[in-house]
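Biologist: I have some questions about the labels used for this chain. Let's look at it together first.

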Amino acid sequence: SVDELKREITPSFHAVLNDWMYGKKSSKFSDPDYVFKITYVTPPLKAFVDSILKKLDYFGVVGGPLRRGFGFGKTHSMTFLWHLLTSEAYFRSPIKISEEIVRQTLVLGVDASVGKLIQTIMDELKTYINPRHTIGKIKDPALIRAIANVIKERSDKDYPTTAKELAELIAEILSRYRDLGGNPRLLVLADEVGFGILQRLRGYAESIKAGLTQKAKEAYAEAEIFVDFLSDLYDALNKIQPSAVVIWAWAEQDRKEMETLMDRHADNKEIHDKIRGIVNELDVLIQRYSRAIGGLGVEQFSYDPGHAIEIALYRVLEYIGSENLEEIKEEYLRRLGEISKQLNLNEIFDRYKNDLRRYYPFSLGLINLLKKIMDNRDLPNTEFERSVIQIEDIAADNALRLNPEGTYTLSVDHLVEMDKVVPVDLMGENFKTEWLSIVKDVELALRSIEDDNAKKAASIAAKYIFAKGATADFLTLIESN
């Protein structure tokens, strides 16, 4: 349903990890078969996963940040990798993986926006040695024995309390696994690191300004521990040289918001310098983890907005007719081509014919809008695939609910409300007020048109103008020839 889809486009890695540990199913994303089924494998996604698996097959410590997903989101990518290496369903994955890598890889995950780092990792390690958990059927018994021996040798008093101690414990497990004859491999997936750190830095700054010194120290320590863990883990792993890949989510938007937070507190040197220290350390970590791969990150792939539109088609729409879909596409293009000839628009039709075929049943106007939504130069707050799915969801819902028999494509016209053509929260701060003011003026003008046909034509024209003018250039566009 539409409501289910809205919930699914914001998956929680924390829920996936918790469900895995405690045998729950609070999220559909906790089901590996479901995740494999809904994942549309784009070339960049396959290249990303294949590169991670390849790196797990060689000695050395590599990694880096996921600044954006591969058409489907950072959390989805981490969830996919988690299930690929921790579930019995790995052989049903659309991307193939060797049984050896699955059995020998210790996989650890954390959601920095919610979970406590040390507690989460320790709970996962305890899950590995839980005899009733299915992970014992998947992993090498020697790996399970290594985890159990290291955990049991430590009393509760000896459990790690710092990032460094946690990193050393993980390295000790891998070293012990090697002593038992295993080939140690490690995959660490840290989601929402940028967002989680940003949340805590905001709390730190607010507490300092309010004079709450102890609360400020605690907030900063919670932010710092994720950075310290990534740094200490790199050092600990380099001493034993397993095959290790460490990935953390550090969105471009998170970096910008940290810079903004620094600027906001430029008059307070303590706050400014503390935040700057975190940002600088994250930049250094990127360089350290990329040394073994020649300075390249884990996401050095081309990004095609078209992949996101294909994924949205795959996720939102399902063809249920009995007719051949390809034949329907060709008939649609044939008729559109005939109309183009009558209007002397042959060249324009030929230019966009492949896009119309590739993204059917989207109209050309909606295709171009979705491509624009994917460009953070126009819409700096875009969340890429999530934004595309939201727009497509609105268009599909309106088309099927309001005019199911008279709709042959999903178009900009199906974004019934003017402010839904481009969600205002995707825009830069400088343009939101101006945009909402223009939308209000256009809506008032449309209400003043009495003739129904003229009003409908004006409404469609206005939506296409909005779809074209999602930036501050709107007034220039509407006033131009």
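Modeller: Start with strand β4, residues 243-249, in this predicted model. Seven of its seven residues are buried, so the strand is largely enclosed by the rest of the structure.

Biologist: Which residues of β4 point one way, and which the other way?

Modeller: Ser243, Val245, Ile247 and Ala249 point one way. Ala244, Val246 and Trp248 point the other way. All are buried. In general, side chains in a regular strand alternate between the two faces of the sheet.

Biologist: What makes β1 and β4 a pair?

Modeller: The cut-off is at least two bridges. Strand β1 (residues 60-66) and β4 have seven, in the parallel sense. So they count as paired. Pro65 has Trp248 of β4 as its bridge partner.

Biologist: How do you know that β3 pairs with β4?

Modeller: Apply the cut-off of at least two bridges again. Strand β3 (residues 185-191) and β4 share six, also parallel. Therefore they pair. Here Ala190 has Trp248 as its bridge partner in β4.

Biologist: Which residues does Ile247 touch, not counting those up to four places away in sequence?

Modeller: Among them are Phe48, Ile52, Gly64, Leu66, Leu187 and Ala190. Ile247 also has a place in the largest nonpolar core. That core has 103 residues. Ile247 is one of those with the most contacts inside it, as are Leu106, Leu125, Ile197 and Trp248. Helix α12 (residues 213-240) gives the largest share of this core, 13 residues. Apart from it lies another core, of 27 residues, including Leu333 and Tyr360.

Biologist: Why is the contact of Arg200 and Glu222 called a salt bridge?

Modeller: In general, side chains of opposite charge can pair when their charged atoms come close. The limit is 4 Å from nitrogen to oxygen. Arg200 and Glu222 are at 3.6 Å, N to O. That is within the limit, so the name applies. The pair links distant parts of the chain: Arg200 is in helix α11 (residues 193-209), and Glu222 is in α12, 22 residues apart.

Biologist: Are these two residues buried or exposed?

Modeller: Buried means under 20% relative accessible area. Arg200 has 11%, so Arg200 is buried. Glu222 has 31%, so Glu222 is partly exposed.

Biologist: What makes Glu330 and Arg357 a salt bridge?

Modeller: Their closest N and O atoms are 2.8 Å apart. The limit is 4 Å, so the pair qualifies.

Biologist: Why is Arg401 called exposed, but Asp397 partly exposed?

Modeller: Exposed means over 50%. Arg401 has 51%, so Arg401 is exposed. Asp397 has 30%, so Asp397 is partly exposed. These two also form a salt bridge, with the closest N and O atoms 3.7 Å apart. They are four residues apart in helix α19 (residues 385-402), so about one helical turn separates them.

Biologist: How many salt bridges are there by this rule?

Modeller: The count comes to 22. Arg255, Glu259, Arg276 and Asp283 are linked in a network of salt bridges.

Methods
Residues are numbered from 1 along each chain as its sequence is written. This is a predicted model: local features need pLDDT of at least 70, side-chain atom pairs count only at pLDDT 80 or more; totals for chains, interfaces and linings use all residues. Side-chain values use heavy atoms; hydrogens and water are left out. A nonpolar core is a set of buried Ala, Val, Leu, Ile, Met, Phe, Trp, Tyr and Cys residues joined through side-chain atoms within 4.5 Å. Buried means under 20% relative accessible area, exposed over 50%, partly exposed in between (1.4 Å probe, protein chains only). Helices (H or I, at least four residues) and strands (E, at least two) are DSSP runs, numbered from the N terminus. Contact means heavy atoms within 4.5 Å. A salt bridge is a side-chain nitrogen of Lys or Arg within 4 Å of a carboxyl oxygen of Asp or Glu.
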